[in-house]
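User: Hello! I am new to this one; could you take me closely through how its strands and helices fit together?

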Amino acid sequence: PTVGVIVVAAGSGTRLGRSHPKAFVHLQGRTLLEHALLGVFGMSEAVQVIVVAPEDRVGEARAVAADASAAREALGPVSVVAGGTTRQQSVDRGLAALDAEVEIVLVHDAARALTPSDLCDRVVAAVRATGAGVIPGLAVVDTIKRVDASDLILDTVDRAELSAVQTPQGFPRAVLVAAHDTLADEATDDAALVAAAGHAVRVIEGSPLAFKITTPNDLERAGLLLAPAPG
Ligand code: C5P
(Lines give C-alpha, C1' and ligand atoms only; values in the text may rest on other atoms or scores of the structure.)
Protein backbone atom coordinates (compact mmCIF):
# COMPACT_ATOMS: atom_id res chain seq x y z
CA PRO A 1 0.00 0.00 0.00
CA THR A 2 1.10 3.61 -0.59
CA VAL A 3 -0.80 4.83 2.49
CA GLY A 4 0.30 4.08 6.06
CA VAL A 5 -1.84 4.68 9.14
CA ILE A 6 -0.09 4.96 12.50
CA VAL A 7 -2.54 4.47 15.36
CA VAL A 8 -0.96 5.73 18.58
CA ALA A 9 -2.28 3.90 21.63
CA ALA A 10 0.64 4.04 24.06
CA GLY A 11 -0.64 6.74 26.42
CA SER A 12 -1.65 6.08 30.00
CA GLY A 13 -4.86 8.13 29.84
CA THR A 14 -4.86 9.08 33.51
CA ARG A 15 -7.68 11.62 33.03
CA LEU A 16 -10.05 8.73 32.35
CA GLY A 17 -9.49 7.59 35.94
CA ARG A 18 -8.97 3.90 35.10
CA SER A 19 -6.16 1.64 36.20
CA HIS A 20 -5.30 0.37 32.71
CA PRO A 21 -4.20 2.40 29.67
CA LYS A 22 -6.97 4.24 27.86
CA ALA A 23 -6.75 2.31 24.58
CA PHE A 24 -7.54 -0.89 26.52
CA VAL A 25 -10.59 0.44 28.31
CA HIS A 26 -13.76 -1.34 27.19
CA LEU A 27 -16.71 0.28 25.53
CA GLN A 28 -19.71 -1.85 24.50
CA GLY A 29 -17.69 -5.07 24.54
CA ARG A 30 -14.64 -3.85 22.62
CA THR A 31 -11.53 -1.92 23.66
CA LEU A 32 -11.16 1.68 22.45
CA LEU A 33 -8.24 0.48 20.32
CA GLU A 34 -10.45 -2.09 18.59
CA HIS A 35 -13.11 0.53 17.87
CA ALA A 36 -10.46 2.83 16.40
CA LEU A 37 -9.06 0.01 14.24
CA LEU A 38 -12.53 -0.89 12.92
CA GLY A 39 -12.75 2.67 11.60
CA VAL A 40 -9.34 2.42 9.93
CA PHE A 41 -10.02 -1.03 8.45
CA GLY A 42 -13.21 0.35 6.91
CA MET A 43 -11.21 2.69 4.65
CA SER A 44 -11.87 2.32 0.94
CA GLU A 45 -8.28 1.43 -0.02
CA ALA A 46 -5.65 -0.95 1.28
CA VAL A 47 -3.40 0.70 3.87
CA GLN A 48 -0.50 -0.42 6.04
CA VAL A 49 -1.61 -0.13 9.67
CA ILE A 50 0.90 0.27 12.52
CA VAL A 51 -0.42 0.19 16.06
CA VAL A 52 1.83 1.80 18.67
CA ALA A 53 1.09 0.16 22.02
CA PRO A 54 2.43 0.51 25.58
CA GLU A 55 5.66 -1.50 25.90
CA ASP A 56 4.06 -4.05 28.26
CA ARG A 57 0.93 -4.49 26.14
CA VAL A 58 2.31 -5.26 22.69
CA GLY A 59 1.00 -8.83 22.84
CA GLU A 60 -2.41 -7.69 23.98
CA ALA A 61 -2.51 -5.09 21.19
CA ARG A 62 -1.70 -7.85 18.66
CA ALA A 63 -4.70 -9.82 19.91
CA VAL A 64 -6.93 -6.74 19.68
CA ALA A 65 -5.72 -6.04 16.14
CA ALA A 66 -6.43 -9.67 15.17
CA ASP A 67 -9.97 -9.42 16.56
CA ALA A 68 -10.57 -6.18 14.67
CA SER A 69 -9.30 -7.55 11.37
CA ALA A 70 -11.46 -10.65 11.82
CA ALA A 71 -14.50 -8.42 12.37
CA ARG A 72 -13.78 -6.14 9.43
CA GLU A 73 -11.26 -7.68 7.09
CA ALA A 74 -8.13 -5.51 6.95
CA LEU A 75 -7.04 -4.94 3.34
CA GLY A 76 -3.36 -4.39 4.11
CA PRO A 77 -0.68 -5.49 6.58
CA VAL A 78 -1.09 -4.74 10.29
CA SER A 79 1.77 -4.61 12.79
CA VAL A 80 2.22 -3.60 16.41
CA VAL A 81 5.25 -1.79 17.84
CA ALA A 82 6.08 -0.48 21.33
CA GLY A 83 5.60 3.22 22.05
CA GLY A 84 7.62 5.77 23.99
CA THR A 85 7.11 8.07 26.96
CA THR A 86 5.67 10.94 24.90
CA ARG A 87 3.17 10.94 22.04
CA GLN A 88 5.88 12.26 19.75
CA GLN A 89 8.21 9.36 20.59
CA SER A 90 5.36 6.96 19.96
CA VAL A 91 4.77 8.48 16.51
CA ASP A 92 8.53 8.18 15.82
CA ARG A 93 8.39 4.44 16.60
CA GLY A 94 5.48 4.12 14.20
CA LEU A 95 7.29 6.03 11.44
CA ALA A 96 10.25 3.67 11.78
CA ALA A 97 7.97 0.71 10.99
CA LEU A 98 6.57 2.06 7.70
CA ASP A 99 7.01 -0.06 4.55
CA ALA A 100 9.28 1.38 1.86
CA GLU A 101 6.45 2.04 -0.62
CA VAL A 102 4.35 4.21 1.73
CA GLU A 103 4.05 7.80 0.42
CA ILE A 104 1.25 9.26 2.55
CA VAL A 105 1.08 8.83 6.32
CA LEU A 106 -1.92 9.31 8.58
CA VAL A 107 -1.32 9.66 12.31
CA HIS A 108 -4.38 8.77 14.35
CA ASP A 109 -5.16 8.70 18.09
CA ALA A 110 -6.70 5.44 19.31
CA ALA A 111 -8.50 7.69 21.81
CA ARG A 112 -10.62 9.04 18.90
CA ALA A 113 -12.22 5.63 18.87
CA LEU A 114 -15.42 6.45 16.96
CA THR A 115 -13.74 8.20 14.02
CA PRO A 116 -15.60 7.23 10.82
CA SER A 117 -13.74 5.48 7.98
CA ASP A 118 -14.95 8.19 5.65
CA LEU A 119 -12.98 10.86 7.52
CA CYS A 120 -9.77 8.81 7.06
CA ASP A 121 -10.54 8.51 3.33
CA ARG A 122 -11.18 12.26 3.03
CA VAL A 123 -7.87 13.11 4.69
CA VAL A 124 -5.98 10.81 2.28
CA ALA A 125 -7.78 12.31 -0.72
CA ALA A 126 -6.96 15.85 0.38
CA VAL A 127 -3.27 15.04 0.95
CA ARG A 128 -3.16 13.47 -2.55
CA ALA A 129 -4.87 16.49 -4.08
CA THR A 130 -2.71 19.14 -2.39
CA GLY A 131 0.60 17.36 -1.75
CA ALA A 132 0.57 19.01 1.67
CA GLY A 133 -0.46 18.32 5.25
CA VAL A 134 -4.19 17.99 5.97
CA ILE A 135 -5.91 17.80 9.34
CA PRO A 136 -9.60 17.57 10.26
CA GLY A 137 -11.06 20.33 12.42
CA LEU A 138 -14.37 21.66 13.64
CA ALA A 139 -15.46 25.25 14.09
CA VAL A 140 -15.44 26.30 17.73
CA VAL A 141 -18.97 27.06 18.94
CA ASP A 142 -18.20 28.22 22.48
CA THR A 143 -16.97 31.69 23.32
CA ILE A 144 -13.34 31.26 24.33
CA LYS A 145 -11.72 33.37 27.06
CA ARG A 146 -8.09 33.80 27.80
CA VAL A 147 -7.65 33.61 31.60
CA ASP A 148 -4.80 34.30 34.01
CA ALA A 149 -3.43 32.12 36.80
CA SER A 150 -6.14 33.35 39.21
CA ASP A 151 -8.96 32.57 36.73
CA LEU A 152 -9.63 36.22 35.93
CA ILE A 153 -10.60 36.73 32.31
CA LEU A 154 -8.12 38.69 30.21
CA ASP A 155 -9.89 38.80 26.86
CA THR A 156 -12.09 36.95 24.40
CA VAL A 157 -10.42 35.09 21.54
CA ASP A 158 -12.04 35.61 18.13
CA ARG A 159 -13.52 32.17 17.52
CA ALA A 160 -13.81 32.75 13.78
CA GLU A 161 -10.03 32.22 13.75
CA LEU A 162 -10.18 28.96 15.71
CA SER A 163 -10.50 25.33 14.71
CA ALA A 164 -10.67 22.43 17.17
CA VAL A 165 -8.50 19.89 15.41
CA GLN A 166 -8.72 16.14 15.38
CA THR A 167 -6.99 13.11 13.93
CA PRO A 168 -6.24 11.38 11.58
CA GLN A 169 -3.71 13.98 10.46
CA GLY A 170 -2.26 13.25 7.01
CA PHE A 171 1.08 14.26 5.47
CA PRO A 172 3.39 13.37 2.63
CA ARG A 173 5.72 10.86 4.28
CA ALA A 174 8.94 12.78 3.59
CA VAL A 175 7.56 15.98 5.13
CA LEU A 176 6.40 14.26 8.31
CA VAL A 177 9.60 12.25 8.75
CA ALA A 178 11.78 15.33 8.24
CA ALA A 179 9.74 17.36 10.75
CA HIS A 180 10.02 14.58 13.33
CA ASP A 181 13.75 14.19 12.71
CA THR A 182 14.65 17.86 12.97
CA LEU A 183 12.38 19.18 15.74
CA ALA A 184 13.00 18.07 19.28
CA ASP A 185 10.32 20.25 20.91
CA GLU A 186 7.36 18.46 22.33
CA ALA A 187 4.12 19.14 20.45
CA THR A 188 0.63 17.81 21.12
CA ASP A 189 0.03 17.02 17.47
CA ASP A 190 1.93 16.32 14.26
CA ALA A 191 0.58 19.35 12.42
CA ALA A 192 2.39 21.63 14.89
CA LEU A 193 5.72 19.96 14.06
CA VAL A 194 5.16 20.06 10.31
CA ALA A 195 4.07 23.71 10.44
CA ALA A 196 7.09 24.60 12.62
CA ALA A 197 9.28 23.01 9.95
CA GLY A 198 7.85 25.55 7.50
CA HIS A 199 5.29 23.44 5.63
CA ALA A 200 1.67 24.30 4.89
CA VAL A 201 -1.00 22.34 6.73
CA ARG A 202 -4.66 22.80 5.84
CA VAL A 203 -7.77 22.07 7.85
CA ILE A 204 -10.68 20.17 6.29
CA GLU A 205 -14.11 19.61 7.84
CA GLY A 206 -13.77 17.09 10.66
CA SER A 207 -16.40 14.82 12.20
CA PRO A 208 -18.29 15.22 15.48
CA LEU A 209 -17.68 11.47 15.95
CA ALA A 210 -13.90 11.95 15.90
CA PHE A 211 -13.88 13.50 19.39
CA LYS A 212 -11.13 12.39 21.75
CA ILE A 213 -12.21 10.18 24.63
CA THR A 214 -10.38 11.80 27.54
CA THR A 215 -12.69 12.01 30.57
CA PRO A 216 -15.27 9.61 32.07
CA ASN A 217 -17.95 11.85 30.54
CA ASP A 218 -16.48 11.33 27.05
CA LEU A 219 -16.57 7.57 27.60
CA GLU A 220 -20.21 7.75 28.62
CA ARG A 221 -21.06 9.81 25.55
CA ALA A 222 -19.27 7.34 23.29
CA GLY A 223 -21.26 4.51 24.88
CA LEU A 224 -24.52 6.31 24.16
CA LEU A 225 -23.51 6.87 20.54
CA LEU A 226 -22.78 3.15 20.09
CA ALA A 227 -25.87 1.88 21.90
CA PRO A 228 -28.66 0.58 19.69
CA ALA A 229 -31.51 3.06 19.32
CA PRO A 230 -34.36 2.28 21.76
CA GLY A 231 -37.41 0.49 20.34
O1 C5P B 1 -2.69 12.15 26.05
P2 C5P B 1 -3.45 12.40 24.80
O3 C5P B 1 -4.94 12.19 24.98
O4 C5P B 1 -3.13 13.68 24.10
O5 C5P B 1 -2.97 11.24 23.82
C6 C5P B 1 -3.39 11.22 22.48
C7 C5P B 1 -3.03 9.87 21.87
O8 C5P B 1 -1.61 9.68 21.90
C9 C5P B 1 -3.66 8.68 22.59
O10 C5P B 1 -4.23 7.80 21.62
C11 C5P B 1 -2.49 8.07 23.33
O12 C5P B 1 -2.60 6.66 23.48
C13 C5P B 1 -1.30 8.42 22.44
N14 C5P B 1 -0.03 8.46 23.19
C15 C5P B 1 0.99 7.56 22.86
N16 C5P B 1 2.16 7.56 23.57
C17 C5P B 1 2.35 8.42 24.60
C18 C5P B 1 1.33 9.35 24.93
C19 C5P B 1 0.15 9.35 24.21
O20 C5P B 1 0.82 6.74 21.95
N21 C5P B 1 3.49 8.35 25.27
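Analyst: G137 stands opposite E205 in β12. This pairing belongs to a set of 5 bridges that join strand β7 (residues 133-139) to strand β12 (residues 201-205), and the two run parallel. Two strands count as paired here if DSSP finds at least two bridges between them. Strands themselves are DSSP runs (E, at least two residues), as are helices (H or I, at least four), and both are numbered from the N terminus. G137 also has a bridge partner in β10, namely V165. There β7 and strand β10 (residues 163-165) run antiparallel, joined by 3 bridges.

Before going further, please keep in mind that this is a predicted model, where local features need pLDDT of at least 70 and side-chain atom pairs count only at pLDDT 80 or more, while totals for chains, interfaces and linings use all residues. Residues are numbered from 1 along each chain as its sequence is written.

Because 6 of the 6 residues of β4 are buried, the strand is largely enclosed by the rest of the structure. Buried means that 20 or more other C-beta atoms lie within 10 Å of the residue's own; 12 or fewer make it exposed, anything in between partly exposed, and C-beta atoms are placed from the backbone. Q48, I50 and V52 point one way from β4, whereas V49, V51 and A53 point the other way, and all are buried.

Now to the helices. In α2 (residues 58-71), the buried residues are A61, V64, A65 and A68. They cover an arc of only 100° around the axis, so they sit on the same side of α2. Such an arc is that of the directions from the helix axis to the C-beta atoms. These buried residues pack against β3 (30-31), α1 (32-41), β4 and β5, where contact means C-beta atoms, placed from the backbone, within 7 Å. On the face turned away from the buried side, α2 carries the exposed residues G59 and A70. The length of α2 can be checked too: at 1.5 Å a residue its 14 residues should span 20 Å, and its end C-alpha atoms are 20 Å apart, which agrees. That expected span is 1.5 Å times one less than the number of residues.

Helix α3 (87-96) buries R87, Q88, S90, V91, G94 and L95. Looking down its axis, these fall within an arc of 160°, so they line one face of the helix. Their cover includes β1, β4, β5, β6 (104-109), α5 (173-182) and α6 (190-196). In the loop between β5 and α3 you will find T86, which is partly exposed, with 14 other C-beta atoms within 10 Å.

Helix α5 has V175, L176, A179 and H180 as its buried residues. Seen down the axis of α5, they lie within an arc of 125°, so they too line one face of their helix. Among the elements covering them are α3, β6 and β7, the strand where we began, along with β11 (169-172) and α6. A174, D181 and T182 are exposed on the face of α5 turned away from the buried side. From A174 to T86 is 88 residues in sequence and 22 Å in space, C-alpha to C-alpha.

A few loops deserve a look as well. P168, in the loop between β10 and β11, is joined to T167 by a cis peptide bond with omega about 5°. Q28, in the loop between β2 (26-27) and β3, has a positive phi near 50° although Q28 is a residue other than glycine. Q28 counts as exposed because it has 11 C-beta neighbours inside 10 Å. D151 likewise has a positive phi, about 65°, without being a glycine. The place of D151 is the loop between β8 (144-147) and β9 (153-157), and with 7 C-beta neighbours inside 10 Å this residue is exposed.

Key: Two residues are in contact if their C-beta atoms, placed from the backbone, lie within 7 Å.
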